[in-house]
Every structure is written in structure tokens, then in C-alpha cells.
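Okay, thanks for coming, everyone. Let me put the model up and then walk you through a few things in it.

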Amino acid sequence: MARIFMKGCEAIAEAAVRAGCRFFAGYPITPQNEIPEYMARRLPEVGGVFVQGESEIASVNMLYGASSTGTRSMSSSSSTGISLYSEGIAACASARLPAVYVNVMRGGPALGAIQPAQQDYLQATKASGNGGFRMIVQAPSTVQECVDMVYEAFDLAERDDNPVLILADGVLGTMMEPVVLPEMKTDEEVKALKAARRHKSVVGHPAEERVLAEPGSVGTGQEARNIAAAEMYKTWDKDVKVEKFMTDDAEIIMAAYGISARIAKTAVKTLREEGIKAGLIRPVRISPFPYDAFDSLDFGRVKAILDIEMSIPAQMVWDVQYAVKGRCPIHECLRSGGQLMTKEKVLEEARRLAKEVL
Amino acid sequence: MAMEKVYTRTTGIVKDMVSGFCPGCMHGTVHKLIGEVADEMGRANDLIRAEGIGCCGLGQKYVTHDSAICLHGRACAAATGIKRNEPDSLVYTYQGDGDLASIGLGETMLAANRGENFTVIFINNGIYGMTGGQMAPTTLLGMKSTTTPNGRIAEEHGYPIHMSEIINQLTAPYYIERTTCADPAGVRKTKSAIRKAFEYQAAGKGFTFVEIVTSCPTNWGLDPISALDFIKEKMLPEYPLGVLRDKGKEE
């Protein structure tokens, strides 16, 4: 397959189209504008629909409607825009609709900074809306992974009748890298995917086959709905995805996801050359979180964990603490507010930690 | 002599369902009209409802067609997503005044401005129903509500909002009519307005808007008969009936 040079946001959009996405609604916000712009010109070419919503709230509710018809649908936004999306994401989760959302993160609460960051971990993994629903959250670290994870997200969403979130950041969204694009689904395949959902889609049925998209229960059925969702979340043990890099003999384990993990990986190699036995655990999906990956460590040998995030205060560290269960100290290596993590910063923190604990 | 069938059950309404709406409420009437129109057009199976929150949201128990319950105020956004993906269906939103004119004002206006090819059925009774009688944007001046205990005061709360007139400022909408269900003639006019809106939609003409002035005896604190008088004496002078726009007649 041919490798082409593509910007992260555009690669995300093209991957979605190839996966059969035929509806996109969104509202402009930096640093993800290339996704809606790409969709505006690309979707009509394949018989799809692009709508620029008047707001994030309108866009996310358009997606709710589109997804209820069984059309593969996606929307993207950034951080504070995703906060506005929360009502629509919750609606899809509650009505069990398979929409795909992309958050190209920026740095800090509310307006934050428009530069890259990883400031939305807890929102993405724990509460992307009200009511305690969960999503599979994909955390790419390269443009190629953005492509692969978006392509896969539609299948996961339809498998579970649940929204899926791609948690990218401004670095991935704006940088260019060589990628291999997945196969374009044919018109027939896209139609078949929609047809397969017809029995549960709001498309016009006779009375006896009536379909209702219901983001909550008017009557007393809500607990049963909550239980059904909880049962589905339990099936995600098989969906844990984690990358372990040089962890077998490591004495210092870095924990990082997304773009920070990529920087951490480079630092691990340098530290190894210096004789410091470092390793990396990278949650490829941050929900479900790979708690077991930490259980498999030999805490007789591992002296410390270094949690690396582009977020202040640290957020993933909550999950890391839960996984480590006090079996070794956890240190943090953090940047935020649009200040990028660097290899030098990671090396400095890791060397200091090595002196302290080894 | 063979008997001639002059009336059949409306297929768009759930059989033998007992209405849970309050005495004197007109939601039941309007639902029946929607069902009758769909039957008469032979489109009952193509109907898709995007319904608002509040008493409007109770309506899904009584209709037999596919429906999406939409979050507070978002029915026009969700209907956009539905209709754009199911262009051959007949899509309508069913929304009250709080839903459509307050929390969903943006979604309503911009869907109208895009000329989305669906129908909005707007139930205007000047008050929030399900939440317990709070002030709506359409509450009349002087009218008491649970959040305007001394009556709506212009200086503090502003004036009643006229959605049909506001939407009539936009270029894209194709058909706008305000009707009432306060008397049999009004009910008949409401039905023909819904029919016209659905037919324009079926012909791909664009955004159609039917505002229906109705009562809420429970939250108005009136018996059903007095509520009808209130509509005629108080509501209709503020919300005059009629066709505000019919591009079909202009063409």
C-alpha cells in the first residue's frame, strides 16, 4: 500500500470517510478545523452529508439524530467544545447510539490555551457527560494510529451500540506524517452497514416494528437500562490495549499515553544507553485502562513509576495510582498550557529519579 | 343496504391507549390530527417524530411512528440529522414554547434559516407544563406563573416572544401558519395547516412551521372551559391567527 504524507486532522477525516462515515456535523474551533473543512469538501463526493452546526450543542444533537438513523456519523471538537458536546455524547450513550467523537485537545480549563496539551484525560475517561456512562477511548500517538483508530472506532461503536471517543491532541492534529490509509469501503458496503441496523434505526417503520431513540426513560425502566449498560462495559476486559516497551528488566517504569508516550519512548532508549534500566507502559486505549499491565510488573525490581503527561495537575496518575496500589512510589513529569513535553524534560526527571531510588 | 364506512380508527395513534394528559389539554387533539393527516396522505409508515422535552415528550406513548426523543430544545438539530439521512421520510418536530423558544431558540432559528426540509409543530400555551407552570418566553404580560408569582412584568421579564413573526423575518422558510385548537373550526384549520406543511415537505419545499395556540388548564389554574375563553380573550390578541407565509401560493 502506498504511503502518503498527511496532516493528522485530514488523515482522521479521510479515515472516517473510508470507514463509511457519511454524516459529519461540527463547529469551528482550533486546533481541529481541518477535520470539518476536509469533510465539507470530501463527504459530498461520496454521497455523504456535511453540516456546519450553529454551535457545538447543535452539532452534537445533529449527530444524535443522524446516528439514530443508522448512518455512520462523526463529529470533532476541542476541549471546551467537547464540554458543550457532553449533553449529546450522553444522549448517544443513553440511547445506545454508535456515534464517533474526536477531541483534539488543547491546554487548560474553559478556553485554556489553543496549543497542544493532554488536559482532558479525566473528562474523556470518567465523565464525558452526566449519568455515569462510559466509552472506549482511543489514544493515538502517531498520525498512523489516528487513522487506524478512527477506522476501527466505527466498528467498536456499532458492536456495542455506544459512542467511541478518539482523544488526540494539537500535536497529532496539526503535524504531518507518512501514513498508509485503510481500504475505502464501497458504496454497497456502506449501504449494507446501514441496512444491518435498520431494525433499530429511526428511519420510518410500520407501527408493529416501531423504533424509539430514547436518551432516558420516562417510566420506571431507567435502572434496567443502567444495568444493561453496566453489563456491556464489563465486556471490555477483552478490549484493553496496551504497549509495553522494555519493561521486562526495567527498574524505572514510565507511564504515558498519546504524544507524551512517544516522547517517553525516545527517552527510554537514551536512558538505556546511559545504563539506566527504564521501560514504558503506554495505554493505547485509556478506557478501558490497562490496570493488569501494572500487576504484571515485578515490584521487587521496579523502584519507581514516572507518570508523564501534558497536564497540570496530572490526571492519568489517578488510574496509575489505582493500578500500582502503593507497591512503589509514583513521580510526575508534567508540562501543560500548550508547553510541549520534551525528551530533555523526561530525561532530566528520569535521571533525577534514578539517583534517588536506584 | 350496505353500510358506508365514514370513519376509521387513526392508525398513527396507539390503539385503546388511555390519555394521560390533563383534562382540557390539547396535546391529544394535535396528536390525533397528525395521525389523521399521515393516514390521509398514506404516509403513516414514513413519519419520523423528533420530540421535545416536557409534556411534548409524553406524546411518544400515543403515536405509532418512529421517534427520537431529543434533549431540551434540540429537536430541530436532531431533526436536521435525521432528515438529512432519511430524505424520503416525513420528519416533524413536536415542541412546546419553553423547548422551542427558550432553550432551543438557536437550534430553531438556524434550522429555519438553513431551510431544513422538515416540519415544526410548535405548541404555544404560554407556560412550562411538565416542570410545573414556570414562565415561558411566550407567557403573557401580567400572567402569573410559579416563577412570576406577581405576574409577568415587562420591565423585569421582557415581552411575549412571537416565534412565527420572528421566523417570518428569514428568507428560507416556505410555510408559516399560526392556528389554535380552541374551537372546532380552529381544530379543522390546524389539521389543514399540518396537512399543507407535510405536503410541502413531501415535495421538498423546505422549512414549514405550524404554531398552535393551546391551553394548559392545570398550570393556568383554570377549568378546561374557562381555559378556552382565556385563549380567545387573552392569547389570540397577542398571537393573532393566520398564514404568515405561504410560498406555495406565491409561486
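This is a predicted model: local features need pLDDT of at least 70, side-chain atom pairs count only at pLDDT 80 or more; totals for chains, interfaces and linings use all residues.

Now look at where the chains join up. S9(A) pairs with S2(B), residues 66-69, in the parallel sense over two bridges, and Leu212(A) sits opposite Ser67(B) there. Further into chain B, S1 (residues 47-51) and S3 (residues 90-96) also run parallel, joined by five bridges. One pair to click on is Leu47(B), whose bridge partner in S3(B) is Leu90(B).

Okay, the interface as a whole. We have 32 residues of chain A in contact with 31 residues of chain B. On the chain A side, S2, S3, H3, H4 and S9 each supply at least two residues. Which of them gives the most? That's H3(A), with eight residues. By class, that side of chain A has 19 nonpolar, nine polar and four charged residues.

Next, a helix pair inside chain A. H10 (residues 258-273) and H13 (residues 343-357) pack at about 50 degrees, with their axes 9 Å apart. That makes H10(A) and H13(A) oblique to each other, and the crossing is right-handed. From H10(A) you get Ile263(A), Ala264(A), Thr266(A), Ala267(A), Thr270(A) and Leu271(A), and they meet Lys343(A), Val346(A), Leu347(A) and Ala350(A) in H13(A).

Last bit: backbone geometry. Most residues other than glycine have a negative phi, and most peptide bonds are trans. So what do we have here?

There's a cis peptide bond between Thr30(A) and Pro31(A), omega about 5 degrees, with Pro31(A) in the loop between S2 and H2 of chain A. Another cis bond joins Ile312(A) and Pro313(A), omega about -5 degrees; Pro313(A) is in the loop between S14 and H12 of chain A.

On the phi side, Asp161(A) is positive at about 50 degrees, in the loop between H6 and S7 of chain A. Asp161(A) is partly exposed, with 18 other C-beta atoms within 10 Å. Met246(A) has a positive phi too, about 55 degrees, and lies in the loop between S10 and S11 of chain A. Met246(A) also counts as partly exposed, with 17 C-beta neighbours inside 10 Å.

Technical notes:
Residues are numbered from 1 along each chain as its sequence is written. Chains are lettered from A and ligands numbered from 1 in the order in which they are written. Axes are lines fitted to C-alpha atoms, for helices over the stretch in contact, and angles run from 0 to 180 degrees between N-to-C directions. Helices (H or I, at least four residues) and strands (E, at least two) are DSSP runs, numbered from the N terminus. Angles under 35 degrees count as roughly parallel, over 145 as roughly antiparallel, 65 to 115 as roughly perpendicular and the rest as oblique. A crossing is left-handed if the near helix is turned anticlockwise from the far one by less than a right angle, and right-handed if clockwise. Two residues are in contact if their C-beta atoms, placed from the backbone, lie within 7 Å. Ala, Val, Leu, Ile, Met, Phe, Trp, Tyr, Cys and Pro count as nonpolar, Asp, Glu, Lys and Arg as charged, and the others, Gly among them, as polar. Two strands pair if DSSP finds at least two bridges between them. A residue is buried if 20 or more other C-beta atoms lie within 10 Å of its own, exposed if 12 or fewer, and partly exposed in between; C-beta atoms are placed from the backbone.
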